[in-house]
Amino acid sequence: MAPPPQPLPPGLSLGRTLGKERFHKSQHWGFCNNVAMLVGEDKPGIGGEPLPGQKLKPKHSVFPAGMGSDAPAWVAFDKQVLSFDAYVEEEVPDKNQELYRIRHCKIYFYLEDDTIQVIEPQVKNSGIMQGTIVRRHRIPLPPPNEDEYYTIDHFNINTEVIFYAQRYKITDCDQFTKNFLRKMGVRLNPPASRPDDPYTKERQKILDSMNPLRPYERIDTLKQFLEHDGHVLRFFCVWDDPESMFHDPRELVLHYYLSDDTIDIKEITPVNSGRDAVPLFLRRDKLPKYAPTGLYQPGTITARTVLNVFGNLVGNRGRYILDNRKTGAVHQEFYRDSDLKIGEVINVWGRKILLCDCDEFTKDYYRTKYGIEDFTPVPYKTSPPPKPEKTFPPYTGFGSEEDSLCSCMGLLPKPPQKDFKKFMEKDRSGLESNILRFLAKLVTDSPIDKDRKFIICYFLSDDTISVYEHTQRNSGILGGKFLERGRIKKPGQELFKSEPSEYFKAQDLFVGARVCFHGHNFLLVDADEYTINYMEKHANEFSVADTGFILKKLKDIAEPRSREIRQVFAATDPEHTKVIEYEPFRNLIVSFTDGAFSEHEIMTLGRYYGVKEEYETDLHLLLAVAQEQLKKNSFENFGQLSAVLAYNDREKCGVLPYQMCRTICKSFKLPLADDLLEAVLTIMKMIGTDSHHPFLLKKSNTCLFWMICLAKKNDLICTSYSFWISVSGPKLIRC
């Protein structure tokens with residue numbers, strides 16, 4: 001049991017401010033319209049404590065802080081409005097016909113700022129001001145709580161609210177409001193019935209019992225216009241004019257407007273036809289089926305028939321009614337969409353026009369509405385006469401053939417057009433030279449010229465060829481440029497002729513081909529690696545590098561001698577290694593095919609079935625090139641590069657993807673060419689699994705490769721920036 005509290009000794013007392021840390025005062029006085037007054041009635045006292053008799057407003061709603069979205073109300077509830085159906089009953093003391101009046105209205109509660117708006121729908125011939133009853137603003141509660149405002153908690157179905165002494169009965173709300181109130185935890189009341197206004201009900205009975213005194217018949221075309229506005233059926237027609245001098249058919253285009261069932265026709269006037277171009281063949285209007293007919297008197301054709309029952313006998317005033325039988329009315333039949341179809345002949349004011357074809361929209365319309373699937377067009381266009389072949393005079397020998405040919409194309413000569421697209425695609429780009437280089441020898445009996453070696457370069461960008469001679473010491477022949485770059489004609493062509501000459505193309509050059517350049521016969525004996533790879537990559541353009549085509553060709557030749565070929569191959573491989581050298585393989589192919597295969601085709605087969613040797617790169621050379629590039633560009637940002645690599649290793653596992661390492665190097669603008677950077681990363685992947693490589697040190701199943709050296713002034717300082725390559729797979733690089 002706790003002891004009772006003891007009184008404090010005399011002279012010792014605890015201060016009221018013990019433990020308090022806030023002693024600020026609120027500003028209660030200020031100026032309003034330049035008048036000093038009390039403006040802070042709701043502000044707390046010293047240190048934020050309430051004054052005697054003061055009730056502070058809670059900082060939060062009924063929901064504690066942390067629940068829901070942190071966004072402000074004008075963002076979280078933007079364009080969200082609660083809609084309630086309500087009515088108000090007001091007395092009518094100055095009329096005997098009605099004692100009270102029921103006015104239906106809508107109450108809108110805007111969630112973003114708790115404002116309320118009351119709107120009364122417009123009623124025809126009501127005689128009272130309707131529309132906005134209460135403009136949008138915050139509405140205070142009725143007395144004695146007029147210092148507070150309406151919130152969402154004050155609204156529910158089948159309840160009453162008072163706005164400025166006017167009582168509104170809420171009967172129902174929309175689905176969004178119901179869902180929102182349920183989420184707020186409000187138990188919704190069942191909807192209430194909405195009473196009808198007795199005076200309005202009586203007025204409606206009177207209006208329903210009344211009959212129109214004037215003749216009236218409603219013809220509604222608005223629905224058709226709204227549904228089909230902008231929808232036009234288009235038919236291609238032909239009219240064989242019998243009165244024409246040459247009886248040539250006239251091509252027409254018929255437009256049927258679905259919005260009002262009107263038709264217009266336009267004529268397609270050919271070029272140089274001799275006819276005047278008119279805007280319309282038939283202006284837009286309804287097209288009668290049986291036209292032309294006799295002329296009618298004005299007023300004969302009307303939409304309605306009106307009868308005068310009494311005539312002018314009674315007070316010189318008539319009484320008119322509408323004739324439902326439409327006695328004496330003239331009925332005209334007009335073309336509708338159901339009357340138009342391909343192959344049909346329509347009457348256009350006495351002219352027989354044949355519908356031959358239609359567009360896709362028209363086909364879809366008839367397919368959907370009428371289920372028509374046959375849209376076979378009627379041939380109506382005569383085949384155009386064959387164009388006379390244009391002959392050109394023979395080449396005169398002045399300038400190039402293309403330049404001379406352009407002078408025959410028009411009165412103003414223009415320079416020949418070059419294939420700019422091909423030039424942009426096949427021009428040199430980076431390491432892609434787009435130049436095919438071949439090693440060639442002269443085909444001659446001269447012992448001096450037999451040993452001369454030439455480099456033939458074919459430029460894919462403009463189909464030009466240049467020839468360089470390889471310089472040989474003590475040969476007595478000056479090497480260098482042998483043939484200027486340009487297009488070379490194939491031999492055996494007539495010089496002065498009308499047809500354009502044929503030039504050497506890339507497909508004419510391959511290993512083993514014999515070409516003649518301006519009287520010099522060359523034998524292509526070899527090609528560089530880029531040329532061979534380019535031809536294999538574009539095998540669809542070069543048949544000598546297409547493995548599928550070569551194998552099919554070899555199968556057709558060697559299939560009858562397949563058994564003999566197997567025996568020869570087995571004799572060539574006595575140790576059964578299933579591997580044969582290239583020279584014996586070449587000799588066997590040549591012997592079996594009797595020279596049907598070119599040297600390039602045999603080389604393609606050898607490269608396709610050859611044993612791929614592992615590509616080895618000189619690490620010393622690779623490092624030397626990288627160091628030289630770093631030194632030339634004065635790259636010294638290794639500290640930040642190492643920090644970024646470590647930062648991207650979020651899991652601290654020492655592993656980064658290959659692509660990420662390449663991206664980081666690119667982001668630091670590492671002054672290494674793309675091929676050099678790719679070679680460095682590739683060689684790291686290749687040597688990552690070799691534990692005996694001299695550049696590698698074992699360390700927890702990883703391989704350490706010193707790759708980057710720091711270029712600083714004139715000295716190369718090897719730093720500790722390194723990459724570790726995981727042994728488990730080539731796609732991961734440890735950094």
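Start by selecting helix α11, where F585, L588, I589, F592 and T593 are buried, buried meaning under 20% relative accessible area, exposed over 50% and partly exposed in between, with a 1.4 Å probe and protein chains only. An α-helix has 3.6 residues a turn, so residues three or four places apart point the same way.

Before moving on, note that this is a predicted model, in which local features need pLDDT of at least 70 and side-chain atom pairs count only at pLDDT 80 or more, whereas totals for chains, interfaces and linings use all residues. Residues are numbered from 1 along each chain as its sequence is written, and side-chain values use heavy atoms, with hydrogens and water left out.

Now show the whole of α11, residues 582-593: at 1.5 Å a residue its 12 residues should span 16 Å, and the end C-alpha atoms are 16 Å apart, which agrees. The expected span is 1.5 Å times one less than the number of residues, and helices (H or I, at least four residues) and strands (E, at least two) are DSSP runs numbered from the N terminus. Just after α11, select D594, which takes a positive phi of about 55°.

In α12, the buried residues are H600, E601, I602, M603, T604 and L605, and they pack against α8 (529-537), α9 and α11.

From there, go to S433, in the loop between α7 (420-426) and β17 (435-442). S433 is buried, with a relative accessible area of 9%, and, leaving aside neighbours within four places in sequence, S433 is in contact with R428 and Y530.

For a view of the surface, select V39, in the loop between β2 (35-38) and α1 (73-76), which counts as partly exposed because its relative accessibility is 44%.

Finally, display the whole protein chain, which has 16 helices and 29 strands. Of its 735 residues, 30% count as buried, and residues 24 or more positions apart account for 49% of the contacts with a separation of 6 or more.

Notes
Contact = heavy atoms within 4.5 Å.
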